[in-house]
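Please find below a colleague's note on the structure under review.

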Amino acid sequence: MLPIAPMDVRAGFCAIVGLPNVGKSTLLNRLLGRRLVAVSSKPQTTRDRIIGVHTFEMTDGGKAQIAYVDTPGVQDGHGPLRRYMQRAAVMSAADADVVLMLVDATYKAGRMPDRLAADDTRALADASKDHPIIIALNKIDRVEKPELFPVMEAWGAHLPGADIVPISAETGEGTAELEQLIAKALPIAPLLFPEDAYTDRTPQFIAQEIIREQLYHQLGKELPYASAVLVEEWTERKGELVIGAVIIVERDSQKPIVVGKSGNRIRELGIAGRAALAETFGKPVHLTLFVKVQEEWSRTEQELAKLGYVPNVGDRK
Ligand SMILES: Nc1nc2c(ncn2[C@@H]2O[C@H](COP(=O)(O)OP(=O)(O)OP(=O)(O)O)[C@@H](O)[C@H]2O)c(=O)[nH]1
Ligand SMILES: [Mg+2]
């Protein structure tokens with residue numbers, strides 16, 4: 001094969017944006033081929049921008065590096081945490097080279113373009129409009145084709161010339177084609193990250209996300225919205241990762257929910273968390289979990305920052 005000329009390298013940022021729960025994080029994990037970000041059936045799982053980097057060969061022979069920015073779903077809400085999440089999504093779209101707008105094709109009240117004109121999404125639509133935009137209609141594994149056509153048509157009329165791609169982040173259908181389209185829309189530029197990089201976040205932050213994902217899965221509707229995870233211990237001993245983490249809740253009454261009867265719940269969280277962490281980091285993990293009550297942590301910017309929700313993290317330069 002001929003060596004790749006600098007002309008053939010495309011690199012840039014692609015913000016994955018959309019309403020809550022449409023599958024943005026599932027898609028990022030699928031594109032990276034690894035579990036990097038938390039996914040759950042509850043809205044508002046993602047709280048911050050997280051970059052996932054994928055470097056690959058394009059089908060035309062060139063090389064591409066896409067720095068995907070996973071963002072919180074946009075939706076109205078009050079309080080510093082919710083505002084922080086909104087801002088993270090809008091700023092990611094404003095900073096991106098390409099905007100990937102993900103739409104849940106199964107969601108009748110949210111899959112048509114007029115949803116973008118609502119109060120909560122207008123800022124995102126405005127921030128997106130100066131960039132190449134690609135619309136991906138997700139969850140097509142759950143939609144009949146005839147139902148999909150009018151949705152595709154409506155997006156085509158709303159954004160003439162934009163690519164509209166039906167995909168399933170769950171099964172992977174259409175995602176390789178989608179990635180090629182994103183790469184083609186990126187500028188010709190040198191690589192932004194080392195070729196083997198896959199995120200801008202520390203392993204500790206990723207571990208916090210993985211443990212938080214277990215909370216979402218295991219606590220279901222009982223989950224206190226304002227719960228957080230903080231990794232306090234991180235060492236490596238004889239090839240094993242030793243992780244100590246605190247689950248933070250806001251009220252005394254929430255602590256027994258996380259601990260469970262005779263400590264059953266937190267034990268289950270520990271078992272599932274350890275398995276997920278071992279899979280992500282590729283080595284055995286020893287995980288210790290504690291629960292701590294810290295009133296109103298989600299209501300001040302300083303407390304948010306202590307947990308890694310720092311404005312500008314993931315910003316370009
Ligand atoms: N059937 C089906 N389910 C999917 C697909 N993609 C995502 N899901 C499910 O949709 C739910 C939400 O997925 P997430 O990836 O957490 O969605 P998100 O857009 O990142 O959500 P927020 O971070 O809360 O905004 C999860 O239960 C996923 O398993 C898909 O292609 N098909
Ligand atoms: Mg998410």
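1. Overall form. The coordinates are those of a predicted model, and every remark here should be read accordingly. The protein comprises 9 helices and 9 strands. Its radius of gyration is 20 Å, which agrees with the value near 20 Å for a compact globule of 317 residues. Along the principal axes, the C-alpha atoms occupy a box of roughly 60 × 50 × 35 Å.

2. Buried residues make up 39% of the 317 residues in the protein.

3. One open sheet contains 6 strands in the order β2-β3-β1-β4-β5-β6, and its pairing is mixed. Its edges are formed by β2 and β6 (163–166), each of which pairs on one side only. From one strand to the next, the twist averages 25 degrees. In general, the strands of a sheet pair through backbone hydrogen bonds, in either a parallel or an antiparallel manner.

4. Strand β1 and its partners. Of the 10 residues in β1, 9 are buried, and the strand is thus described as mostly covered. On one side, β1 pairs with β3 in the parallel sense over 8 bridges; within this pairing, Ala15 stands opposite Val69 in β3. The strand β1 also runs parallel to β4, to which 5 bridges join it. Here Val17 stands opposite Met101 in β4.

5. The parallel pairing of β4 with β5 extends over 6 bridges. Leu100 has Ile134 in β5 as its bridge partner.

6. The sheet of 3 strands. A second open sheet has the order β7-β8-β9, again with mixed pairing. The strands β7 (228–237) and β9 (285–293) lie at its edges, each pairing on one side only. The average twist between one strand and the next is 15 degrees. An antiparallel pairing over 9 bridges connects β7 with β8 (residues 240–249), and Glu236 stands opposite Leu241 in β8.

7. Helix α8 (residues 264–281) lies across β8 and β9, at about 135 degrees to β9.

8. Helix α1. Is helix α1 (residues 24–32) mostly covered or mostly exposed? The helix is mostly covered, with 7 of its 9 residues buried. These buried positions are Lys24, Ser25, Thr26, Leu27, Leu28, Arg30 and Leu31. The elements that cover them include β1 (9–18), β2 (50–57), β3 (63–70), β4 (98–104), β5 (133–138) and α5 (175–185). After α1 comes Gly33, which has a positive phi near 70 degrees.

9. The shell around ligand 1. Which residues come nearest to ligand 1? Of the 23 residues around this ligand, the nearest are Gly23, Ser25, Thr46, Gly73 and Glu170. Ser25 is also one of the buried residues of α1. Helix α1 supplies the largest share of the shell, namely 3 residues. By class, the shell holds 6 nonpolar, 12 polar and 5 charged residues.

10. Gln44 has a positive phi near 65 degrees and is found in the loop between α1 and β2. Lys139 has a positive phi near 70 degrees and is placed in the loop between β5 and α4 (145–158).

11. Surroundings of these two residues. Is Lys139 buried or exposed? Lys139 counts as buried because 22 C-beta neighbours lie inside 10 Å, and the cut-off for burial is 20 or more. Gln44 has 17 other C-beta atoms within 10 Å and is therefore partly exposed.

Definitions and conventions:
Residues are numbered from 1 along each chain as its sequence is written. Chains are lettered from A and ligands numbered from 1 in the order in which they are written. This is a predicted model: local features need pLDDT of at least 70, side-chain atom pairs count only at pLDDT 80 or more; totals for chains, interfaces and linings use all residues. Two strands pair if DSSP finds at least two bridges between them. Helices (H or I, at least four residues) and strands (E, at least two) are DSSP runs, numbered from the N terminus. Axes are lines fitted to C-alpha atoms, for helices over the stretch in contact, and angles run from 0 to 180 degrees between N-to-C directions. Two residues are in contact if their C-beta atoms, placed from the backbone, lie within 7 Å. The radius of gyration is taken over C-alpha atoms; the globule rule is 2.2 Å times the number of residues to the power 0.38. A residue is buried if 20 or more other C-beta atoms lie within 10 Å of its own, exposed if 12 or fewer, and partly exposed in between; C-beta atoms are placed from the backbone. A residue is near a molecule or strand if its C-beta atom, placed from the backbone, lies within 6 Å of it. Ala, Val, Leu, Ile, Met, Phe, Trp, Tyr, Cys and Pro count as nonpolar, Asp, Glu, Lys and Arg as charged, and the others, Gly among them, as polar.
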